Amino acid sequence: MTLESLIFYVLSAVLIFSAAMVVTVRNPIRAALFLVLAFFSCAALWILLQAEFLAITLVLVYVGAVMVLFLFVVMMLDVNYSISKEGFASYLPVGLGVSVVILAEMGLAILGQRYTLPEVAPLGEHYSNTRALGELLYTHYVYPFELAAVVLLIAIVSAIALTLRKRTGVRTQNPADQVKVNAEDRVRLVDLSPEKKG
């Protein structure tokens with residue numbers, strides 16, 4: 001067994017363990033931390049596959065931004081854990097069924113004869129995986145890429161529309177009123193007489 005194979009198996013074991021802990025642990029903060037560990041393990045596996053751009057993008061975007069934001073939101077919310085634990089047993093049969101289906105699909109993918117993993121060939125000295133990814137993404141897959149961007153935009157607008165509530169008793173800004181204001185309404189000049197020192 002080579003050193004690269006050993007590193008691959010260790011990283012894969014850490015990735016599988018952390019992914020299992022994400023869905024089994026009850027505390028959402030611990031689940032988020034295990035998800036960070038899963039992202040780091042996946043990034044290390046991508047580095048082994050010579051996809052450095054994808055690895056650093058995963059670390060910067062998901063670990064550096066999305067997971068930190070998620071942790072802040074989870075810690076700021078007052079989550080009642082007793083309510084979330086009450087209905088856990090009712091979802092167990094569905095969860096087990098989905099798990100069995102996923103394991104069967106993984107077994108077919110791993111043990112099937114037509115699913116063979118390609119060997120990673122060493123790349124040239126001037127090869128840039130960022131350029132290759134950009135050329136592939138913006139030529140062959142430009143329409144699915146744009147479609148994914150539209151779907152994400154719709155999801156963002158929908159999330160804002162669903163969570164937006166009109167609150168009473170809160171001072172808000174009205175841009176229409178702000179545009180109508182003249183300088184005389186904003187600034188008041190006061191003529192003060194100078195003070196005399198006694």
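At what angle do helix α1 (residues 3–24) and helix α2 (residues 28–48) pack? The angle is about 155 degrees, and their axes lie 8 Å apart. Here axes are lines fitted to C-alpha atoms, for helices over the stretch in contact, and angles run from 0 to 180 degrees between N-to-C directions. Angles over 145 degrees count as roughly antiparallel, and α1 and α2 are therefore roughly antiparallel to each other.

A word on the model before going further. This is a predicted model, in which local features need pLDDT of at least 70 and side-chain atom pairs count only at pLDDT 80 or more, while totals for chains, interfaces and linings use all residues. Residues are numbered from 1 along each chain as its sequence is written, and side-chain values use heavy atoms, with hydrogens and water left out.

**The overall fold**

The protein chain has nine helices and zero strands. Helices (H or I, at least four residues) and strands (E, at least two) are DSSP runs, numbered from the N terminus. Of the 198 residues in the protein chain, 10% are buried, where buried means under 20% relative accessible area, exposed over 50%, and partly exposed in between (1.4 Å probe, protein chains only). Taking contacts between residues at least 6 apart in sequence, 60% join residues at least 24 apart; contact means heavy atoms within 4.5 Å.

**Where α1 meets α2**

Back at the opening pair, the residues of α1 that meet α2 include I7, F8, L11 and L15. On the α2 side, F34, L35, L37 and L45 are among the residues that take part.

**V74 and its partners**

V74 lies in helix α3 (residues 52–76). Leaving aside neighbours within four places in sequence, V74 is in contact with P28 and I29. V74 and I29 are 45 residues apart along the chain, yet their C-alpha atoms are separated by 6.8 Å.

A search of the whole structure finds one salt bridge, meaning a side-chain nitrogen of Lys or Arg within 4 Å of a carboxyl oxygen of Asp or Glu. The side chains of E135 and R131 form this link, at 3.1 Å from N to O. Both residues sit in helix α6 (residues 129–139), four residues apart, about one turn of the helix.

| Residue | Relative accessibility | Class |
|---|---|---|
| V74 | 12% | buried |
| E135 | 43% | partly exposed |
| R131 | 60% | exposed |

**Helix α7**

Finally, helix α7 (residues 142–163) has 22 residues. The number of them buried is zero, so α7 lies largely in the open.

Conventions
The expected span of a helix is 1.5 Å times one less than its number of residues. Angles under 35 degrees count as roughly parallel, over 145 as roughly antiparallel, 65 to 115 as roughly perpendicular and the rest as oblique.
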